[in-house]
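Take a look at the chain below. We will walk through it piece by piece, starting with a single pair of side chains.

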Amino acid sequence: MKKAPEIYADLKKGKFDPVYLIAGKEDFIVESISKKILAKSVDEATKDFNLDILYGNEVDAGQIINTAMSYPMMAERRTVLVKNIHLLSAKSLELLAKYVAKPSQTTCLILTASKMDFRKSAQAQIKNNSTFVEAKPLYDNQIPDWIRSHLKEHNLTISENAIQLLHASTGTSLRRIATEVEKIKLILGEKTV
């Protein structure tokens with residue numbers, strides 16, 4: 001299991017794993033890690049040819065695998081994002097687990113789920129054969145550090161009092177905190193504190 005900073009460090013070096021599984025109840029973490037992998041793995045010039053976004057409630061494993069096995073066009077890799085794989089049937093998850101065990105090296109497959117049952121064989125195999133990130137909600141005492149790091153990504157600094165006020169007004173919802181940070185950025189304009 002990798003943590004987000006390890007994945008980000010690999011992405012900066014241009015290193016991509018063939019399969020990522022990002023699963024957990026904290027949808028903001030799932031979404032932000034997926035976006036960062038997409039931003040680094042997809043060349044803007046060939047995005048229309050080499051990026052596919054699929055949804056677990058609309059496809060089966062056959063469609064996912066066929067898409068992932070397709071060769072990239074005019075690029076080094078193809079990127080396939082499959083959202084909500086927990087909505088796939090048990091049979092599709094078994095087939096997907098077989099692909100994940102021997103994935104295409106020219107595809108970056110990103111699988112997301114809000115919940116997975118790793119006691120089930122297929123889901124455990126997918127986890128074990130992919131770069132897995134658990135996106136669990138943060139505890140109350142972890143929120144101030146998350147606020148600091150999130151603001152640092154946006155080149156902003158914040159006082160301890162302001163962190164406490166932001167935390168008190170937003171609670172532990174990372175999406176709500178990020179929304180408030182966006183509002184603060186608009187108000188600040190060119191300022192960074």
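Start with one pair. The side chains of aspartate 10 and lysine 15 meet in a salt bridge, with 3.8 Å from N to O. Keep in mind that this is a predicted model. What lets such pairs form? Side chains of opposite charge can pair when their charged atoms come close. Now check how open each partner is. Aspartate 10 has 13% relative accessibility, so it counts as buried, since the cut-off for buried is under 20%. Lysine 15 is partly exposed, with a relative accessible area of 41%.

That pair is part of a bigger count. How many salt bridges does a search of the whole structure find? The search finds 14.

Go next to aspartate 27 and arginine 175. Their side chains also meet in a salt bridge, and here the N to O distance is 3.1 Å. Aspartate 27 sits in helix H2, which covers residues 27-41, while arginine 175 sits in helix H9, residues 174-188. Asp27, Glu31, Lys35 and Arg175 are linked by salt bridges.

Now find arginine 78. Arginine 78 forms a salt bridge with aspartate 52, and the closest N and O atoms are 2.9 Å apart. This time the pair joins strands. Arginine 78 lies in strand E3 (residues 78-83) and aspartate 52 in strand E2 (residues 51-55), so the bridge ties together parts that are 26 residues apart in sequence. Arginine 78 is buried, because its relative accessible area is 9% and buried means under 20%.

Step back to the whole chain. There are nine helices and five strands. Read from the N terminus, the elements run α-β-α-α-β-α-β-α-β-α-β-α-α-α. The C-alpha atoms fill a box of roughly 50 × 40 × 25 Å, taken along the principal axes. Of the 193 residues in the chain, 44% are buried.

Helix H7 covers residues 143-153, and helix H8 covers residues 160-170. They pack at an angle of about 110°, with axes 10 Å apart. Angles from 65 to 115 degrees count as roughly perpendicular, so H7 is roughly perpendicular to H8. Their crossing is right-handed. Which residues make the contact? From H7 come Ile143, Pro144, Ile147 and Arg148. From H8 come Glu160, Ile163, Leu166 and His167. By class, this contact has five nonpolar residues, one polar residue and two charged residues.

Conventions. Residues numbered from 1 in each chain as written. Predicted model: local features only at pLDDT ≥ 70, side-chain atom pairs only at ≥ 80, totals over all residues. Heavy atoms only, no water. Axes fitted to C-alpha atoms, helices over the stretch in contact; angles between N-to-C directions. Helix = DSSP H or I, 4+ residues; strand = E, 2+ residues; numbered from the N terminus. Parallel < 35°, antiparallel > 145°, perpendicular 65-115°, else oblique. Left-handed = near helix turned anticlockwise from the far one by under 90°. Contact = heavy atoms within 4.5 Å. Nonpolar A, V, L, I, M, F, W, Y, C, P; charged D, E, K, R; others polar. Salt bridge = Lys/Arg side-chain N within 4 Å of Asp/Glu carboxyl O. Buried < 20%, exposed > 50% of the residue type's maximum accessible area, 1.4 Å probe, protein only.
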